[in-house]
Amino acid sequence: MTEKSNLSAIPSVDAVLAHLDERGLSAIQPRPLAVRLVREILDRERAALLAGECRHGDSPQGVRDGILAEVERELVRSPARGLVPVINATGIVVHTNLGRAPLSAQAVAAVAEVARGYSNLEYDLIRGTRGKRDYLVRDALCELTGAEDALVVNNNAAAVLLVLNTLAPGREVIVSRGELIEIGGSFRLPDVFERSGSRMVEVGTTNRTHLSDFRDAIRSSTGALLSAHWSNYSISGFVERVSLKELASLGEHFGIPVIHDLGSGILADPEKLGLSGEMTVRESVSAGATVSTFSGDKILGGPQAGIAVGTASAISRMRANPLTRALRPGKLTLAALSATLQSYLRGEAETAVPVLAAILAPLDALARRAEEMAASLASSLGDRARVSAVELEGLVGGGAAPERIIASRGIEIEPRGGVSADSVTSAMLTASPAVLARTHEDRIIVDLRTIDESQDPAVVAALLGAFEEK
Ligand SMILES: *Cc1c(COP(=O)(O)O)cnc(C)c1O
């Protein structure tokens, strides 16, 4: 073995940087960050060689070339570059790992305008006095949901934390065992709930909870009744749940607030979105929830935010909670949220808000794009792959509506000549912009429902570039 000579084949940091200059790649990251990354990769390579691993073959030239290729790849992909755009070819509309909802053009413009200078974030331009930041979206939220008052915080988990900490600190909160869910990133909602200082009292069973389970658990120490959306899972068969209406009248009878964590905040018509059976925020409010909470960036289609709407007294108590200050949203969030809500109020949301537009995109338009893309790829790839336009099933996704499948169209590419589909999709991540596609049975699947038509050429370029690398 030639580990020794391979160790000396590891280039110096300066030599790698000179290589990047030569390749015109040194502007991708500022020099100090590039140096960090190069050092990390060289250290990793040294450790691997010392451990007797030959990750890049066992010739010195192979080691050197392997390292340089690795540096180039990681320079483009490393998180140290900051946030970079990714084209979502997965067909999952609300994709939490890809930043959930893309913003509307109106929201983007509002953010850009407010970001550039000063604004009325906390200044009342009528009275010429200090104002409150959540008044910027309060009227819009009340109008859209029928609630008496509304408050915005950083995300929905924060909204739930705040409402529990305000309405039931140190008290018991009764919740069905069927609704104690874990959301993405292994966060368990009950764990978040407990941090509010409330104690969760679980009632019922995973599949069946009756109103009497709640009633029997009510004591003098009960602070709230909680209902949470199942979000990212579903159960069927022998199932019984307590309706929000029933829960609300039970709460009213005992004078106990009812909190409804909706998860995804639907302001549009669920029927039209293919989400029949999903409750809108307005329905949650009219069913009698004291406070309803939801995310700004799931089906609502706005920025990351947590929104609480409810009775005037509950929301004003939340507003007075010192935690509100710790959980408050920034001005960029409020600018984007306000513009998004205004699209709803103008009746333009279905076209303006990208999440809704993606869910509503007609199949024939997707099919036409799929045919065009497949034809263009087939002629460029020749016998390197079999390309076809196919029918697909996309998802609403994102802890929004778990099993909701949307018929979709896209393309399927089966590489030939020993190239694996996974190696192609992996190479597509280094394109600019990066493209995230799925693979299935060694085929690359590109779903067009989540891709804006203007990005079709970028998807084709990323695919062809990835095949070139192979
Ligand atoms: C997504 C979700 C949350 C968390 O919302 P974030 O905005 O991600 O903080 C809480 N509860 C339910 C039911 C959810 O679906």
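Is Val76 buried or exposed? Val76 is buried, at a relative accessible area of 17%, where buried means under 20% relative accessible area, exposed means over 50% and partly exposed lies in between (1.4 Å probe, protein chains only). The structure is a predicted model, in which local features need pLDDT of at least 70 and side-chain atom pairs count only at pLDDT 80 or more, while totals for chains, interfaces and linings use all residues. Residues are numbered from 1 along each chain as its sequence is written, and side-chain values use heavy atoms, with hydrogens and water left out.

Val76 belongs to helix α4 (residues 60–77); helices (H or I, at least four residues) and strands (E, at least two) are DSSP runs, numbered from the N terminus. Apart from neighbours within four places in sequence, Val76 is in contact with Ile28, Arg81 and Thr430, contact being heavy atoms within 4.5 Å. Val76 and Leu103 are separated by 27 residues in sequence and by 25 Å in space, C-alpha to C-alpha.

Turning to the whole chain, there are 19 helices and 17 strands. The C-alpha trace spans about 80 × 50 × 45 Å along its principal axes, and 49% of the 470 residues are buried. Of the contacts between residues at least 6 apart in sequence, 74% join residues at least 24 apart. The domain assignment gives domain 1 (4–81), domain 2 (86–98 + 358–469) and domain 3 (105–349), with bounds that come from an automatic or database domain assignment. Between the C-alpha centres of domain 1 and domain 2 the distance is 31 Å.

In soluble globular proteins, nonpolar side chains tend to be buried together. Here, the largest nonpolar core has 37 residues, and Val309, Leu341 and Tyr344 have the most contacts inside it; such a core is a set of buried Ala, Val, Leu, Ile, Met, Phe, Trp, Tyr and Cys residues joined through side-chain atoms within 4.5 Å. Two or more residues each are given to this core by α6 (135–145), β4 (149–153), α11 (281–286), β12 (306–310), α14 (331–345) and α16 (354–360). Both domain 2 and domain 3 give residues to this core, so it lies between them. Not counting residues up to four places away in sequence, Val309 touches a set that includes Leu141, Ala150, Val281, Val285, Phe294 and Ile315. A second, separate core has 30 residues, among them Ala370, Ala374, Val424 and Ala431.

Because 11 of its 15 residues are buried, α14 is largely enclosed by the rest of the structure. Its buried residues include Leu334, Leu337, Leu341 and Tyr344, and the buried residues of α14 pack against α5 (105–116), α6, β4, β12, α15 (349–352) and α16. At 1.5 Å a residue, α14 should span 21 Å, and its end C-alpha atoms are 21 Å apart, which agrees; the expected span is 1.5 Å times one less than the number of residues. After α14 comes Gly347, whose phi is positive, near 75°.

Two helix partners of α14 can be described in detail. The axes of α5 and α14 come within 8 Å and cross at roughly 145°; axes are lines fitted to C-alpha atoms, for helices over the stretch in contact, and angles run from 0 to 180 degrees between N-to-C directions. This crossing of α5 and α14 is right-handed, whereas that of α6 and α14 is left-handed. A crossing is left-handed if the near helix is turned anticlockwise from the far one by less than a right angle, and right-handed if clockwise. For α6 and α14, the angle is about 30° and the axes are 10 Å apart. Leu136, Val137 and Leu141 are among the α6 residues in this contact, with Leu334, Leu337 and Leu341 among those from α14.

Arg328 sits in the loop between α13 (323–326) and α14. With 31% relative accessibility, Arg328 counts as partly exposed. Beyond its neighbours within four places in sequence, Arg328 is in contact with Glu122 and Arg133. Arg328 and Asp134 are 194 residues apart in sequence, and their C-alpha atoms are 8.9 Å apart in space.
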